[in-house]
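Reader: I'm new to this one. Can you walk me through it?
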Amino acid sequence: MTERINRREALTRTSAGLVMAGTVPWVADAAPETDPLQPPCELYPEVFGISCDSFQLPPEGMTAAHRSAALTQLQAYQSLQKSRTLGFQANQDINYQEDLQPFLNFHINNVGDPFQTGSFTLNSKWMERAVLDYYARLWNAVWPHDPENPESYWGYVLTMGSTEGNLYGLWNGRDYLAGKCLLDDPHAEAETREASRDGRARCVPRRLVYQQAKAPTDTPHAFSPVAFYSEDTHYSIIKALRMLEIQTFYEIGTNDYPGQCPISADGTWPKEVPSQDGGSGPGSIDVDALSQLVEFFAARGYPILVNLNYGTTFKGAYDDVETIGKRLMPIIRRHGLDQRNIEYQDGRHETRQGFWIHVDGALGAAYMPFLEMAHNDGRLTQRGPNFDFRLPFVNSITMSGHKWIGAPWPCGVFMTKTKFLLLPPSRPNYIGSRDSTLAGSRNGFSAIILWDFLSRHSYAQQIDRALRLEKLADYAYEQLKSLERQHGDLWVARTPLALTIRFKRASDDITLKYSLANETLYVNGEKRDYSHIYIMEHVTNAKIDSMISDLRGAAAFAEQLAPQSDAETTDCTASLKEGRSLVFVPEFGRGMK
Ligand SMILES: *Cc1c(COP(=O)(O)O)cnc(C)c1O
């Protein structure tokens, strides 16, 4: 270190001299790297069980001994945390090492559309298609994917988790509702012919143009989708709305229809669609409120974009997708949003719906079908609401692969129908380079991971697994309730069929030990800090007992950090009056960690 600092001082001196000599010092002499302003480990968060310094990467690399000691620390840390984790809906009971380890030495990339071969041959697209077919069957879609069958599904395996599926679903929905199309470029061939006149051969580029259909003059909002989502919605939906600049009902309502909100006494617009009974409720969307809000905007000609949750992040609640669709469809039809005529090129038309329902099924879409099967077999009295493609009004579904199934990294599935893609109907068998999937390079290993799990677990096994966890969640709830009877109110609650149980926020030590997730909720006007646990495959009775025993100890619950008044949050809203209110961005909870 001293040596480097001296070298830098020397350089500065030389530079000064060189500048006087009229040359450019930084070209020849400056070090191609910087020194830290202070030792980074003093600045970064401390990690229990990890010595930060052992992981800093020196330019000369590490000695074998140093590296191996660091990896030993890493292994010890991950193993300990894995053995106790209770807070997140990511299954840690996974074993891919035995069969799949050799594939770590291949770069397997599913770049491009899963149904097109492409020239990057180190891919696993045939396994990706098998995984997609599996979920198409499970979610009652028409399969296999067939570009000539508009009703058949289309989808892909995500490189991120449901965050990407939500982003893609909302993007697809926005463009579809906004009258965007992907058309063959009619000029490509003529331009190429012209260019080839200089004697050099040119090939015709396969080109699509991204085009906006003509807006009908009598309905000014016809191509301005308005988004609806509940206050229990995952943070990724809000982020996607911001990225895509999709307007929410709150934004349009507050700015263009102030004081006219149909669901509040004084006409002010809520930032998000209320959840049933607010913070004290189960966490599912308030269907009456949603219907009234949709009615307001549908009547004014706005196309409707709705996100529904199938397993909310904190409470594990299932929005009643079937009931909601059945409530919304008459409204949609009454205002002519069921079938709309889109003129995508002069004189060329397409019929599109004026609504889009996206189902964020990060956790629930993966396992609720198995609870439904258990229910049908008489093994469970309850079941969740229908949410999948058997409902004709569902446009897209996403699911995370690392949650129910469990994977070493985030992954997931996105699915829609072929007819909702932006390609014009005149070319159903289009086989050119299609602008599909969000990323360019896509993780081809994820498809192998999902395939491996699904090949090793029959429906029967997944049903048993779902029932076991359902029972275990009951057990955890009962144990927490019994603790509550001795301890006083701990706000213990479980939404029906949810794999999560929430309770008064645990101390920082307990939060860290069990990797608990915390969130603040308003319950009857009172602001409360909660923790929750998720009962996933790696959870056992013993792990639950261990946490309960810790919760019996002194100072097991955290001081409630949530301020009891809203003063601090309303203080800064004054300055908003000047500007346009956009989407509301929650700062805590909702999966934002
Ligand atoms: C976890 C979760 C997400 C985000 O999924 P990632 O896989 O973490 O990207 C989205 N929605 C809900 C309801 C979730 O629980």
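Author: One term to start: a polar contact is a pair of N or O atoms within 3.5 Å; within protein, one must be able to donate a hydrogen and the other to accept it, and residues adjacent in sequence count only if both atoms are side-chain atoms. This is a predicted model, where local features need pLDDT of at least 70, side-chain atom pairs count only at pLDDT 80 or more, and totals for chains, interfaces and linings use all residues. Residues are numbered from 1 along each chain as its sequence is written, and side-chain values use heavy atoms, leaving out hydrogens and water.

Reader: How far is the polar side-chain atom of His 402 from an oxygen atom of the ligand?
Author: That distance is 3.2 Å. For Lys 403, a side-chain N or O atom is 2.9 Å from a ligand oxygen. For Thr 163, the value is 2.6 Å.

Reader: How much of the ligand's accessible area does the protein cover?
Author: It covers 89% of the 380 Å² that the ligand has on its own. Areas come from the Shrake-Rupley method with a 1.4 Å probe; for residues, only the protein chains shown count as cover.

Reader: Where is Val 111 placed?
Author: In the loop between helix 5 (97-100) and helix 6 (125-138). Helices (H or I, at least four residues) and strands (E, at least two) are DSSP runs, numbered from the N terminus.
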